[in-house]
Amino acid sequence: MTLQLNGNWTFQLDEEDSLKIETITLPLQSEITVPGSWEEQVFGVESQHEPIGTWKKKQEYVGRAWYAREFTVPAEEAKSTFILHLAGVHWFTNVYIDGEFVGSGEGLVMEQTFDISNYIRKGKQQQLVISVDNRLHIPLMESHIHSYHTATNWGGISGGAWIEAIADVTIEKATFNYQYESKVVTVNAEVRDISKDNTDFKVVVAIGNKKETATIQTNQGSGAVSLQLSMGEDVIQWTDSNPYLYDATVTLLHSGEEVATSAHKIGLRQFETKGKDFLLNGEPVFLRGYVDCCIFPETGYPSWDIDHYRKQFRIVKEHGFNHVRLHGWTPPKPFWIAADEAGMLVQTELPHWSFHYTDRNTAAPTEVNAFFYRELERIIIAIQDHPSFVMFALGNELIGPDGHEELNDMVRKAQELDPTRLYTDNTGFGQLPAHDREGDYYIQSLNWHPPYTLDYAGSPNTEHDYRELPKLDDKPLIGHEHGQFTMYGDPTAEEKYTGVLQPSWLTTFQQTLEAKGWSDRVPEFKTATGTHMVRSYKEIMERARRTKGLSGVQLLDIRDFPGQGHATTGILDVFWDSKGVITPEDYRQFNDDRVLLMRSDRRTYFGGEQIEVKLELSNFGGKINEGEVHWQLMSGDNTYVDSGKTRVANLKTGIVSHLATVSLDTLSKGAHSYKLIVTLATEDGSILSNNWDFWSFERPSLPADLDTVWTNIGSLRSFMYGARYGEEIGIEERSYKEEKGVSLAITNQLSRDVLQFAIDGGTVWLMANNGGSYDEVRTKYLPIFWNFLWFPTQESTTMGVIVRDHPALKDFPSDAYSNWQWYHLVDGAPAIGLDGVKGLEPIVEVVDNFNRMKKLTYMFEAKVGKGKVFVSSFRTLDVVDLKRPETSYLFLQLLNYVKSDGFQPTTTLSMGELLRMFKISGHSAT
């Protein structure tokens, strides 16, 4: 019998924390529905807090609340053991029946259970009262299951309530442990018998069409048996690509009669480590993971709807993922059923993100340690059935560089509870070598762990990888919270929030947009920044796949993160909806079991040079006996340039294999973009594909009429033979004297003499350098990490460029958005602020982060006095930069433009406006 308790309960908040079981008046003052949260049913107070970097609930309540209802166990019920189940409770409970205290419970998602057998009066109406308290009574600090930024500090019974009647003879537990080499399943079963003692039973275990029988004898009311089933060579193993589930039953017979049965859905798989590899049924597997941060925008707490998780896993599988890390939480049962069906390899975690273990020499609070031991055991026992459960971490970013012995003890305890899973002391922190840190594997940041920094995350040099980190230890290594690049926000997302949560960060976003007058520009910004984010993600994901000895990555995230400043890190929004920046098919090109890779030290070449690349395959999809690699170089107008092919054989699984070294001709004249398209057709009919962008630029030639060009920049000498070089222009001693025969002044510093030259009708090209303007933002090529509010001091605070159609750039190949040919031109360059000047439009616009929303540019032009000023802030000053193909070509293109009759600015700046933008010096000397 199962007696459902879902539905209406009487309910009362206990704001003063003063109610006692002896003093409460039944029925309680209000009604509430179980399952559900307090906030969903409008209990609590309206929040006056307006968080600028996260969402908030419409109503909030922190404290104790009381539930009450009547129930009756039928008089004819023969069973004598009754268990009360409370699912999805947040998170401390006291249970009373007919005024008597039954027991206390704790936990965040795992079911709380209470043996209420001694309190049941069959056939009589009884009163069940439960108090639920969502306060943090143990100093755990934060984790995503109860952080304001993610699952929120919700309250209530979100998963349901019921009473289960258990037979006197029952199968209490059954575990299935598969060994792939022998194809044998070891089944361990525990039997409970409260009606008889020293009784012989037969246990029949059936998995598919395989069956095995053993005898068990109960003693003192319990017994255990272990038996083995040989599944044979036709066994279907559970994998991430073929998640086959067997129906398994454990049946208990006494005197030939069935007395109990237990039904299971099991996947036969063995997940282990060997050296630096993860092995699934003996085959290496690369963990293509994302981070699930417990984000539920409709409810603010984890869903109990299995279709929610089925949708989630269908989407992530379409994008090539086979692994998910649960950031500081463990989901309810429906998640695990769906993960089993989908073939997800899951790392779950304790609800733990604290500073208690950062000092190796300081013990954590006793009550914290004790709670985590209890929660650890609850979680492992609850989800042992599920083949998707393969890994366990003790929490997020817990330790200093040297680890903590109390976490080592906890890892050892977990290994005792279930040695068939893999464990690690924390996700993300600590350093390698691990020394005495306990763990079957380690998770370290590829962006922050020495010798690497975020500056190394992506560049045009695809020879780069993270090879130094796996060398530091002999166990598998996973890249922690990989990526975290962002794109522009979406103010229209507000209409999706129909539940208890309000996206309050959108309020300030909308206000800034309206004040700026940019509401209609959001689609343009989303396209530009989404394109840039995806291109950056492609490189860092491929950089990980190029790394020998790296066993996986955990991307943060495929979805946006609603808190901690609101991080638009996803190609999907928080509702699992696509943002339209990339298709699943294109995403799988760099995120699948097999990924084609390209190594080249650069993306830009001089015209006529050969593009030299090495083609590789990261193969975790099974050995390829034979195949054909085909490559084709197409120019930007889709014209064929070069191609080739080669046969390959014996491409082993679990490694990066060299396929070919390719030399491709480029066009000698003009500037061109190219797309290198590579395919691998295998003997089984599958076809892999990937592509990369390259550019070539005609070698620089000496411009004409340079004797009429004046500059104070000595590094330009090798590009401007015969130009005039000096510290000042138009100055003789202390007085102005017209500079005869000068048509153009090129300078890196606005000075009195240069300003005078422009006012009198001269043409000036100002190459703005860092520190030269009053309102500038130093930029990096890569998009901003996470967001501006949480990391305001990072060097990269912008989100890419929008390149306007302009005659100055008519021959420079660009698709209007950030791509790798811009990398060396803009990485470290200043973006010039235009907020203080009306009517001045950027030629190359820099999209600022959506919190600050500055109007920024790398290039603009204007009339000043009788003259003309062209301003650029690209890295065209240093002689090293000028040796790059793209830089030298762009320099000459801009030089020819400002010298031409086509340079006719339409916007006028006053001298004062120019002086408010740029710092002025007494003269032009560098």
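View A. "Buried" here means under 20% relative accessible area, "exposed" means over 50%, and "partly exposed" is anything in between (1.4 Å probe, protein chains only). Asp881 makes a salt bridge with Arg884, and their closest N and O atoms sit 3.4 Å apart. A salt bridge is a side-chain nitrogen of Lys or Arg within 4 Å of a carboxyl oxygen of Asp or Glu. Is Arg884 buried or partly exposed? At 24% relative accessible area, Arg884 is partly exposed. Elsewhere, salt bridges with shared partners link Asp17, Arg64, Asp133 and Arg135 into one network.

A quick note before the next views: this is a predicted model, where local features need pLDDT of at least 70, side-chain atom pairs count only at pLDDT 80 or more, and totals for chains, interfaces and linings use all residues. Residues are numbered from 1 along each chain as its sequence is written, and side-chain values use heavy atoms, leaving out hydrogens and water.

**View B. Asp573 and Lys496 meet through their side chains in a salt bridge.** The N to O distance is 2.5 Å. Asp573 belongs to the loop between strand E32 (552–556) and helix H7 (584–588), while Lys496 belongs to the loop between strand E30 (477–483) and strand E31 (501–502), so the bridge ties together parts that are 77 residues apart in sequence. Helices (H or I, at least four residues) and strands (E, at least two) are DSSP runs, numbered from the N terminus. Asp573 is buried at 13% relative accessibility, whereas Lys496 is partly exposed at 32%. Why can such pairs form? Side chains of opposite charge can pair when their charged atoms come close. In total, the structure holds 55 salt bridges.

**View C. Lys855 pairs with Glu841 in another salt bridge.** Their closest N and O atoms are 3.2 Å apart. Lys855 is in strand E51 (residues 855–864) and Glu841 is in the loop between strand E49 (830–833) and strand E50 (844–848), so this pair connects parts 14 residues apart in sequence. Lys855 counts as buried, with a relative accessible area of 14%.

**View D. Ser635 and Tyr674 are 39 residues apart in sequence but 4.2 Å apart in space, C-alpha to C-alpha.** Ser635 sits in strand E36 (residues 624–635), and Tyr674 sits in strand E39 (residues 671–682). Ser635 is buried at 9% relative accessibility, and Tyr674 is buried too, at 2%. What does Ser635 contact once neighbours within four places in sequence are set aside? The list is Val641, Ser673 and Tyr674, where contact means heavy atoms within 4.5 Å. With residues up to four places away left out, Tyr674 touches several others, including Leu633, Trp692, Phe694 and Trp695. Each of this pair also has a polar partner: the Ser635 side chain makes a polar contact with that of Asp637 (2.4 Å), and a 2.6 Å polar contact joins the side chains of Tyr674 and Ser696. A polar contact is a pair of N or O atoms within 3.5 Å; within protein, one must be able to donate a hydrogen and the other to accept it, and residues adjacent in sequence count only if both atoms are side-chain atoms.

**View E. Strand E15 (residues 184–193) is largely enclosed by the rest of the structure, because eight of its 10 residues are buried.** Strand E14 (residues 169–179) pairs with E15 in the antiparallel sense, over 10 bridges. Two strands count as paired if DSSP finds at least two bridges between them. Which E15 residue stands opposite Ile171? That one is Val191. E14 and E15 form a hairpin with four residues between them, and Lys183 in the turn has a positive phi of about 60°. E15 also runs antiparallel to strand E18 (residues 222–230), with nine bridges joining them. There, Glu190 has Ala224 in E18 as its bridge partner.
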